[in-house]
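Please open the model in the viewer and keep the selection panel at hand. The tour below moves from one selection to the next.

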Amino acid sequence: MDLMEFQGKDVFRAHGIPTTPQGQIATTAEEAHRLATEYGAPVMVKAQVLTGGRGKAGGVTYCPDAAAAKEAAEAILGLDIKGHVVHKVLVEKASDIAEEYYLSLLHDRVSKGYLAICSVEGGVEIEEVNRTQPEKVAKVTIDPTAGMTDELANQILDSGAMPAETRDQQVDLLKTLYDGFVAADATLFEINPLIKTTDGRIIALDSKVSIDDNALFRQPEIESLEGPVPPGEMGDDLEAKAKEQDLQYVKLDGDIGIMGNGAGLVMSTLDVVAQAGGEAANFLDAGGGATAESMAGGIAFVLGDPAVKVMMINIFGGITRCDDVANGVLGALDMLGDVTQKLVVRLDGNSADEGRRILEESGHPNLVSASGMIEAAEKAVALAKEA
Amino acid sequence: MAIIIDETTKVLIQGTGGQGTFHGKRNKDYGTKVVAGTHPKKGGQNWEGVDVPIFSTVQEAKDETGANASMVMVPAPFTKDAILEAYEAGIEVIVAITEGVPVHDMAQVYNTLYHRNEDGTFDMSSGPVLIGPNCPGLISPGKSNIGIIPESITKPGTVGLVSRSGTLTYQIMHELNLAGIGISTCVGIGGDPIIGSNFMDIVPKFAEDPETEAIVFVGEIGGTEEQKVGRWIAENIPDTPCVAYVAGFSAPPGKQMGHAGAIVKEGSDGGETAADKKAALEEMGISVGINPSETAQLMIKRLNA
């Protein structure tokens, strides 16, 4: 789960990581004006979207007075930043910046631990610095069972060429950051820029935070953040709705709706559809243990996408019984009533013969059976072209 | 012979709930030596359905039954502790089926089980064989089945199969089966970002197994483990028929495709897409199918060559 800047900063504050004084969210220019007046100028008005590159897109503005804050909010609200429409801005007191650095902690599948990335070159695209001046970007592996010691923190900061005069603060911040990263079950804590203020304090000016979805059961405060994020801010509306229904769903650009059981098999289904000359409208994993209910919910969701002309259902029954799946498909069609799209269904594995018999005997006009996933993809592509 | 497990492997099951009971019985009926269940509050009872004793701890179960492998079927919040309990009791093979285990937990588990060398690599011989979590387990057809892989779609044979994905494993196994090809051992390693055994831990075991003559590995987008194992194969067993499939040729970057690990990171250094992996592996002399069916056909060709 990715958090917006203001939510990430709340997580930072909750874990004692020094950041900007608390600002507030505005959804209208008038609110931004009121907040700026309350805080006293100058303030920053910053687009709250789940994507990077806000600054370049005009989503971050320094405002010397409240009138400027109103103007900035007017310009930023509604802005489209890489497909993310801005619905809210963060208004906060501007900080006096003396220097900008970069610091992040992330999960690293290669080292099976965590990675600290640190650079004295902050406030810019770190990927660019990494390309042009790799010696200025430190990447240090952290052993999760050893944690963040003073020695390791100094090693990270040294390799990032961080200045000596505020080193004690930097070490403290890195240790606090590490503790918060672990305690919040984060997969990413990124601060860009980390700044030294003109009065010599080291604070996080921005936050980019991702939390492990699998750990939300022990992060109730973070999990409860999810509700207030309206669809649209999460990127694609359908993806946001799918998330509410706990569906493993990704929206794609084509017209063939896809559902299968198991992420790998669904990815593979996208491949065979593309190889048959079609384009998938989505990725939907009904899960390794697909049941009649989960099938029905998934089918209803995919068919509800107006872009879907045909749906392909690809099931390989391992533990899942194909007769259960067949009954689930028929149940979904009954429940939905006026389905106009054809459903190409491929069943193999556990009780496949029984499942195919159930579908055939139903004589349902929307069902098309296929043997094997390639045949199913070819039939779905042909039907999509006719539709 | 088979790798990791065989007909002598004695299995205890951590977690005696619905899933543990269902699959414990299935595995036992297949011939797997299931010897015990463990549950902190049910020690001393007989496990109905599986018909083996339940012990309060893994240590007790091991001492009483000689179990040397464990199947972990406890809910995700308790999986870390269950794996660590099996490790501390000296269980040699731990198969964690549970999905949804937090990545911080797995980082802790991995770094506890295995000694980290100075150069950052791990000494896998310092700990047990861990398979999973979030995986279908492993089967040596005709000998032992630990996990949820359906036994009906495979038979004993000489092809070693290792895969990051559950149902896709079944699909490939099914295609090989239709072509008359049997399996020595099939290992589903799981698609999480941090898993116990990776391709690089399994494929060398196949290379040493006298009964395994050919290897199929099934990867997906995300990470670069496929290239790593491809290089190992090219350097160490160039004459062994090896075929691969990488799922996700049409997956867009930046989107997580179901598995937590199946994501091509935006701005990654490259090599994480299916096309990148296919090109890299083919350069190393490994045939890569563009779908499961072609992958099985490539294996047949290699075996008949």
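A pocket, as the word is used here, is an open set of grid points with protein on both sides within 12 Å along at least five of seven lines, and its lining residues have an atom within 4 Å of a point. The model on display is predicted.

**Stop 1: the second largest pocket**

Select A:Ser111 together with B:Arg116, B:Gly120, B:Thr121 and B:Phe122; of the 27 lining residues of the second largest pocket, these lie nearest its centre. The volume of this pocket is about 720 Å³. Next, colour strand S10 (137-142) and helix H5 (150-159) of chain A, then helix H6 (199-208) and helix H7 (225-236) of chain B; each of these elements supplies at least two residues of the lining. By class, the lining comprises nine nonpolar, nine polar and nine charged residues.

**Stop 2: the largest cavity**

How many cavities of 30 Å³ or more does a search of the whole structure find? The search finds one, and its volume is about 100 Å³. To display the lining, select A:Arg109, A:Val110 and A:Lys112 from chain A, then B:Arg164, B:Asp192, B:Pro193, B:Ile195, B:Asn198, B:Gly223, B:Thr224, B:Glu225 and B:Lys228 from chain B. Six of these lining residues are charged, three are polar and three are nonpolar.

**Stop 3: the interface between the chains**

Show both chains as surfaces. Between chain A and chain B an area of about 4000 Å² is buried, with 58% of it given by carbon and sulfur atoms. On the side of chain A, the residues losing the most area to chain B are A:Arg109, A:Lys112 and A:Met267, which together account for 21% of what that side buries. In terms of contacts, 45 residues of chain A meet 53 residues of chain B.

**Stop 4: helix H11 of chain A**

Select residues 322-336 of chain A: this is helix H11, whose 15 residues reach 21 Å from first C-alpha to last, close to the 21 Å expected. Its buried residues include A:Val325, A:Val329, A:Leu330 and A:Leu333. Which elements do the buried residues of H11(A) pack against? They pack against helix H10 (292-303), strand S17 (310-317), strand S18 (342-349), helix H12 (352-362) and strand S19 (367-370) of chain A. Just after the helix, inspect A:Gly337, which takes a positive phi of about 75°.

**Stop 5: A:Tyr39**

Finally, centre on A:Tyr39 in helix H2 (residues 29-39) of chain A. Leaving aside neighbours within four places in sequence, A:Tyr39 is in contact with A:Gln22, A:Gly23, A:Gln24, A:Val91, A:Glu92 and A:Lys93. A:Val91 lies 52 residues away from A:Tyr39 along the chain, with 9.0 Å between their C-alpha atoms.

Definitions and conventions
Residues numbered from 1 in each chain as written. Chains lettered and ligands numbered in written order. Predicted model: local features only at pLDDT ≥ 70, side-chain atom pairs only at ≥ 80, totals over all residues. Heavy atoms only, no water. 1 Å grid on protein atoms, 1.4 Å probe; cavity = no way out; pocket = protein on both sides within 12 Å on 5 of 7 lines; lining within 4 Å. Points joined across faces, edges and corners; volume = space filled by probe spheres on them. Helix = DSSP H or I, 4+ residues; strand = E, 2+ residues; numbered from the N terminus. Nonpolar A, V, L, I, M, F, W, Y, C, P; charged D, E, K, R; others polar. Expected span 1.5 Å × (residues − 1). Buried < 20%, exposed > 50% of the residue type's maximum accessible area, 1.4 Å probe, protein only. Contact = heavy atoms within 4.5 Å. Buried area = accessible area lost by both parts, 1.4 Å probe.
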